[in-house]
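Subject: Structure for you to look at

Dear colleague,

Here is the structure I promised to pass on to you.

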Amino acid sequence: MTLDAFLSDTYRRFGPPKPMNGTVEDRDWPHFFLHRNFLGEQDLAILFNTRRCRYQCKFCALPFKATKEWIGADRVLQQFRNVVQEVRHAIGAFERLTIANEGSVFDDTTFPQDALEQIVRSVRAVPNIRKLVIESRLEFVRSGTLRRLTAEGGKRIDVLTGFETLDATIRDEVLGKREPLDLFLSGLDEIAGGGAELTAYVLFKPSPAMTDEEARDEAEASIDFLTDQCGRRGIPLIIRLNPMYLSRGTPWAKAALSTPSYLPPRLSEVMALASAKQRDGVRIYYGLTSEGLSEAEGTYRGREDFSSALLKQCIVSNSQRPSLGR
Ligand code: SF4
């Protein structure tokens, strides 16, 4: 193999395009991990291999990849050790650690909380890590837990969660979120009370029946709503803007395939909205992966505006630290 081919192959297998695993049978390994640049910060993201998420949102196939069996603290801690061993030469560079499990890390029926606490405490030994990002639905988030973990780990906590959309009908009927807006807002109160930050997924075109124009307006309304609600509570916010993809085998995919007008979102429109919001000072990260759950034509790659130059602009934006006042 030539040096060029070797580097290109290594980049695709271990860099940002690293493919997500299917089902991981070895419980000593997580579903996925990646050393990535997240808005200018060096992030170690780990998707732990734990018991399946107890929800069945209509657009999400992630739970099918996970086991129905309980995976105890020992196995979860071994997963963490194995990842740290893999990335050990970069340990001094990490500024954030993202802890996720394709579900809710704060749900004690899926993720062993003693393992979470041990991981949080252990990260004290890595001074450069300033933030722990923990993924969860907000009904599992408690301000007391956030304050305790902040004290134990000596790091800022950022709660990563799916907001998806402001539209109540799409939340309930199209996405099957089972998280009414008032429940989400109570969760924001817990985050504020816990002195934590928020990173929220917003879906661009969450309903297959939407036109491109409706998708843009709705995503903008969702971003504005989150910005306002977080601003009122003093919660620092990052939006993770995800162009919706057609996740194989889900009820959402079935509905999309039986909607004659369905088209995935146009990446150029996702970018135009994100750029406008970034100019207003909103921090936005593009969710560019379909997590191995969709064919290319079920994603923004299937639209006529797609080009690798466009994708590259999004990747560059994802790696840049937002400038103050932008
Ligand atoms: S979107 Fe989140 S809560 Fe819903 S099924 Fe998927 S992992 Fe579970």
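This is a predicted model: local features need pLDDT of at least 70, side-chain atom pairs count only at pLDDT 80 or more; totals for chains, interfaces and linings use all residues.

I begin with the ligand, around which lie C53, Y55, C57, F59, C60, P63, E102, G103 and R137. Sorted by class, this shell comprises six nonpolar residues, one polar residue and two charged ones.

Two helix pairs come next. Helix 5 (residues 143–153) and helix 7 (residues 181–193) have axes that come within 7 Å of each other and cross at roughly 30°; because angles under 35 degrees count as roughly parallel, helix 5 and helix 7 are described as roughly parallel to each other. Their crossing is right-handed, and the contact is built from S143, L146 and R147 on the side of helix 5, with E190, I191 and G193 on the side of helix 7. The residues of that contact fall into two nonpolar, two polar and two charged.

In the other pair, helix 10 (residues 267–279) packs against helix 11 (residues 308–318) at an angle of about 30°, with the axes 10 Å apart, which makes helix 10 roughly parallel to helix 11. The crossing of helix 10 and helix 11 is left-handed. Here L267, S268, M271 and Q278 of helix 10 meet L310, L311, Q313, C314 and S317 of helix 11, and the residues of this contact comprise five nonpolar and four polar, with no charged residue.

Apart from neighbours within four places in sequence, Q79 is in contact with R27, D28, W29, P30, F48, N49 and I71.

Most residues other than glycine have a negative phi. L39, however, which is not a glycine, has a positive phi of about 50°; L39 is placed in the loop between strand 1 (32–38) and strand 2 (41–47), and with a relative accessible area of 6% it is buried. K205, also a residue other than glycine, has a positive phi near 75°. The loop that holds K205 runs between strand 6 (197–204) and helix 8 (212–233), and K205 counts as buried because its relative accessibility is 4%.

How values were computed:
Residues are numbered from 1 along each chain as its sequence is written. Side-chain values use heavy atoms; hydrogens and water are left out. Axes are lines fitted to C-alpha atoms, for helices over the stretch in contact, and angles run from 0 to 180 degrees between N-to-C directions. Helices (H or I, at least four residues) and strands (E, at least two) are DSSP runs, numbered from the N terminus. Angles under 35 degrees count as roughly parallel, over 145 as roughly antiparallel, 65 to 115 as roughly perpendicular and the rest as oblique. A crossing is left-handed if the near helix is turned anticlockwise from the far one by less than a right angle, and right-handed if clockwise. Contact means heavy atoms within 4.5 Å. Ala, Val, Leu, Ile, Met, Phe, Trp, Tyr, Cys and Pro count as nonpolar, Asp, Glu, Lys and Arg as charged, and the others, Gly among them, as polar. A residue is near a molecule or strand if one of its heavy atoms lies within 4 Å of it. Buried means under 20% relative accessible area, exposed over 50%, partly exposed in between (1.4 Å probe, protein chains only).
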